[in-house]
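I opened the model to look up a few surface and charge features. My notes follow.

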Amino acid sequence: MPTVAGNGEADNDSTLAPVELVTVPALGPEWQRAEMKQMTRSGRRELKNEERYAKWRAWNRGETGLCGTKWFTKKFLVFSIFAWCGIAAIILAITIPRVPALSFNSGTPLVAATGDFNASIPTEFSRYPANFSFPAFADIQVDTTSNIIPLTFNHIDAQVWYPSTNMQIGTGYFGKATLPAKTFPVIQIPLNFSYIAPNDTDPTWLAWYNACKNPQTYTTGVRPGVSFELLLTMDIAGLPSTSTASTQIGSAPCPIELPVNSV
């Protein structure tokens, strides 16, 4: 069996040959767990939250301002809130309307109707069937001295009652109007007097008939007055709900005069 020559010599040559060294770069520092966490989305979110909380604590202690400013401190915010509240209170005090006081003309609380309103309602007293109807104006003075800006009525609804019998004898409506502030303007509310009685001895019908008869039918020439109560529901611009006012008038003269030969 032939022998393989040179194996031993080859081995001796490899051991005697110089060894080439390869330089390996040194490893960097190991990543900490906290640093690795900061690389994740949740870690970055948590870091931002911590930064916000730190800024909030610094602002709460008065060490810094909001939104990267130096002047928007906690003390500045408190004073700003009080200032805005004061300004809002002043604006509300100026702009919120006050419910006005109302008063009747003491001499003639009811005046005869004129114009188209007078022509739209018939003036009559009838015994059979017993009823009456006629138009009139309620002459009312409005006290707007408590208002700083003009007062606007969206509308006013009126009801007329005869207090002796507690019967409603009329209705009224006053449309939109703006009245100047700090004055005593006079408005006239159109009233439609209308009443149906069971007969001509009804006390309500009889009281108003006697008050509206022609003065010549009385020996003294003086007609008796009549009492009534006016209930007003006012819708005032700027107020969240309607306001009511009522007043009772005694011995008011009737605003119309029936013919001498009237029933």
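Which residues make a nonpolar surface patch of about 330 Å²? I find Ile 90, Ile 94, Ile 148 and Ile 149 there. Patch members have over 30% relative accessible area and no salt bridge; like charges are joined within 9 Å, nonpolar side chains (Val, Leu, Ile, Met, Phe, Trp, Tyr) within 5 Å. Areas come from the Shrake-Rupley method with a 1.4 Å probe, and for residues only the protein chains shown count as cover.

I note that this is a predicted model, where local features need pLDDT of at least 70, side-chain atom pairs count only at pLDDT 80 or more, and totals for chains, interfaces and linings use all residues. Residues are numbered from 1 along each chain as its sequence is written, and side-chain values use heavy atoms, with hydrogens and water left out.

I placed Ile 90 in helix 4 (residues 74-95). Helices (H or I, at least four residues) and strands (E, at least two) are DSSP runs, numbered from the N terminus. Ile 90 is exposed at 52% relative accessible area. Exposed is over 50%, buried under 20%, partly exposed in between (1.4 Å probe, protein chains only).

Next, salt bridges: a side-chain nitrogen of Lys or Arg within 4 Å of a carboxyl oxygen of Asp or Glu. My search of the whole structure gave one. Arg 127 and Asp 200 form a salt bridge at 3.2 Å, N to O. Arg 127 lies in strand 3 and Asp 200 in the loop between strand 8 and helix 6, so the pair ties together parts 73 residues apart in sequence. Arg 127 is partly exposed at 25%; Asp 200 is buried at 16%.

Last, I checked Asp 235, in strand 9 (residues 226-236). Asp 235 is buried without a salt bridge.

How values were computed:
Lys and Arg count as positive and Asp and Glu as negative; His and the chain ends are not counted.
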